Amino acid sequence: MPHVITQSCCSDGSCVYACPVNCIHPSPDEPGFATAEMLFVDPDACVDCGACVSACPVGAIAPVTKLDESQRVFVELNAAFYPKREGKLPPTSKLAPVLEAPVVHRRPGGPLTVAIVGSGPAAMYAADELLTQDGVRVNVFERLPTPYGLVRAGVAPDHQATKRVTALFDRITRKRGFGFFLNVEVGTHVSHAELTAHHHAVLYAVGAPNDRRLDVEGMGRPGSGTATELVAWINGHPDFARLPVDLSGERVVVIGNGNVALDVARILTTDPEDLARTDVSDRALAALRQSSVREVVIAARRGPSASAFTLPELIGLTATHDVVLSADDHELVRQDLASESDPLTRNKLEVLSTLADAATPVARPRIRLAYQLTPLRLRGAQRVEGVDFAVTGTDEVRRLGAGLVLTSIGYRGKPIRDLPFDDDAAVVPNRGGRVLGAPGAYVAGWIKRGPTGFIGTNKSCAAETVRNLVGDYNAGLLADPSATPGHLDGLIRARQPDVVDAAGWQAIDAAELVRGGEDRPRDKFTEISDMLAAAATVPTPSVGRRLLAGLRR
Ligand code: NAP
C-alpha cells in the first residue's frame, strides 16, 4: 500500500529528496512547486519504503493503512494529482534532482560568518543550509527571547503537527557554528553597520510583520481588529497577550478567506475543552470559555473558485466543524463548477458543494462561508455592530450584524532601516535574495518574496539565497569582517544585558514543557519577564568562556 501526504504538509520538500524513486511531486525544481497547495505521492510509483515519513518534519505522511477516517480523503487527493494510467508503474531509481549544496571555498582570514536577522522558518532553513558546510558560523538575532517566529506565534494551537517542525529547528540550533542572540533587536541594540563589521554577510529573514489594512469607514473602532492579531493573542505572543477581545456577540465576521481566516474561524468555533489540550494561551482560553459566539461568517469579495484557502485546510475544517453555505452561495458554487476546468479548483468546489445549507439548524457554533461580498463600512457609533457589504459588482447592499469584525486580508512586510524597500510589493528589492544596491545584505522568506506559501516553502527560498551568498563569498565579493573576532558577544551584552543564548532558550523551552504537564504540549510564557526569569536559571558563562565560545563557534 502506498504512502499518502495529508493535511499538515508543510511543502518543504524534504520528502522529495528522501524518496528513492522520485514519486513525490511537484518537486522544488518543478514549475508547479511555488503555487502547489501541498505535495502528492504517486500511488503507482511509491515503493512503500517509508523514507519520506522519516524525512517529513511535521509528520504529514503515513501509509494508507495508518490513516484515520478523516484523512482517507487524502488517498484520492494524492492519486488525483497524477494522470490515470493502466497498471502499476515499475519503480524508478531516478532520484529527484538534488540542489547543489553551496560549497564554501575556505580562505585564510577565517571562516565564513553570517548574521541572520529573524528566527522564523526562513531564518532557520537558511542557517541549516549554511551549516551544511564545515567551519561556517551563523549568528541568529531575534527581537523576542523565544525563537521560531510564526511557527510559535502564528500557527494555530490546534495544528500541533505543524508546530512539530520546531524539533527540526532545535536540532539546527545544536549544530556546531550556530549562535543565538535572542531578545536583541537589530536597529535598537545593534545596527546593520555593526553586524556588517562582524560578519561577511547579513541575511534578513524578518517576515512580513504587519497586517494589510482595510481602508473602510469604522475600522479601528472597538469591536474591529485583524485576524493575525487574534492568532497572536491565541498563541500568547507577548505583544498581543493582553489584547482586549470581546466575544460577547453571537456573530463574528471575518473579511477575506485565506487560511488565516479559516484558522481564526476554526478556533472561535472549537470546543474550548479541546483547545485546553493545546498550547493556547491561558488568557485566550479563559476568554474562549466565556464566548457567546455561535457563528463565524467568512466573507470573500470574489466567488467560490477564487477562494484563497487551500484544499487540505478546507478538508481538515469540514472534517471537524460545521461549515455551511447559504442557498445563494450554493448556487454560486454550482455555477463555478459548471465552468471551472482546473482540476484542483474543481476539487475545492466539489467539497464546497457538499456543505450543509445555512438554513439547517446546528447544535454547536458554526462557520458560514459567504461569497461576492465587498466590504463598504463597519456599522456602529461607539463600537462595531456589523458590516455593510456591496454584492460585488452591483449596487445591492447586504447588511450583517456582528459583535466582532476581523479583517484577514494578508500580511505586509515593513521597511528595514538601511535597506531599500519596494513600497508597492512591501518587500526588500532583491535578485535571488541579493538585496539590490546593498552588497553584503541578503533576504529570505516573506520579506524577499511576499507573504505567500507554507512553512516549508521557505526551505527552497532560503536555499536559493544561501547559494547566491556563498557564490559571492567564493567570488571574493564579501569583505572580511573588520571587527575583532569574538568581540560581538561583549558588544551585544553591553547594550542588552538580558540577551538570551541557545542555553537560555533551552531553559525557557524546558520550563514551558514542565508547565504544560501531562495534558498539554506546553504552557507558554506570555510575559517577557517570565521568559527572562526562566532563561536566567542557566548561569551566564564567564567573559573568558564567552570569548572562547565566540571564537570557536
Ligand atoms: P491570503 O491567502 O493572501 O488571503 C487574503 C484574502 O484577503 C483573500 O481572500 C483576498 O481576496 C482577501 N482580500 C485582500 N484584499 C482585500 C480587500 N481589500 N477586501 C476584501 N478582501 C480582500 O492571506 P492569509 O490568509 O493571510 O495567508 C497568508 C499566507 O499564509 C498564505 O500563503 C496562506 O496559505 C499561508 N497560511 C497557511 C496556513 C496553513 O497552511 N495552515 C495557515 C495560515 C496561513 P482576493 O483573493 O479577492 O484578493
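A polar contact is a pair of N or O atoms within 3.5 Å; within protein, one must be able to donate a hydrogen and the other to accept it, and residues adjacent in sequence count only if both atoms are side-chain atoms. This is a predicted model, where local features need pLDDT of at least 70 and side-chain atom pairs pLDDT 80 or more, while totals for chains, interfaces and linings use all residues. Residues are numbered from 1 along each chain as its sequence is written, and side-chain values use heavy atoms, without hydrogens or water.

View 1. The side chain of Asn259 places an N or O atom 3.1 Å from a ligand oxygen. For Asn257, a polar side-chain atom lies 3.0 Å from an oxygen atom of the ligand. For Arg302, the corresponding distance is 2.8 Å. The protein covers 79% of the 920 Å² of accessible area (Shrake-Rupley, 1.4 Å probe) that the ligand has on its own.

**View 2. The open sheet.** Seven strands (DSSP E runs of at least two residues) line up as β10-β19-β11-β12-β15-β13-β14. Their pairing, which takes at least two DSSP bridges between two strands, is parallel. β10 (224-226) and β14 (356-357) are the edges; each has a single partner strand, so one side of each lacks a neighbour in the sheet. Three bridges join β13 (323-325) to β15 (366-370). Val323 has Ile367 as its bridge partner in β15.

Definitions and conventions: Helices (H or I, at least four residues) and strands (E, at least two) are DSSP runs, numbered from the N terminus.
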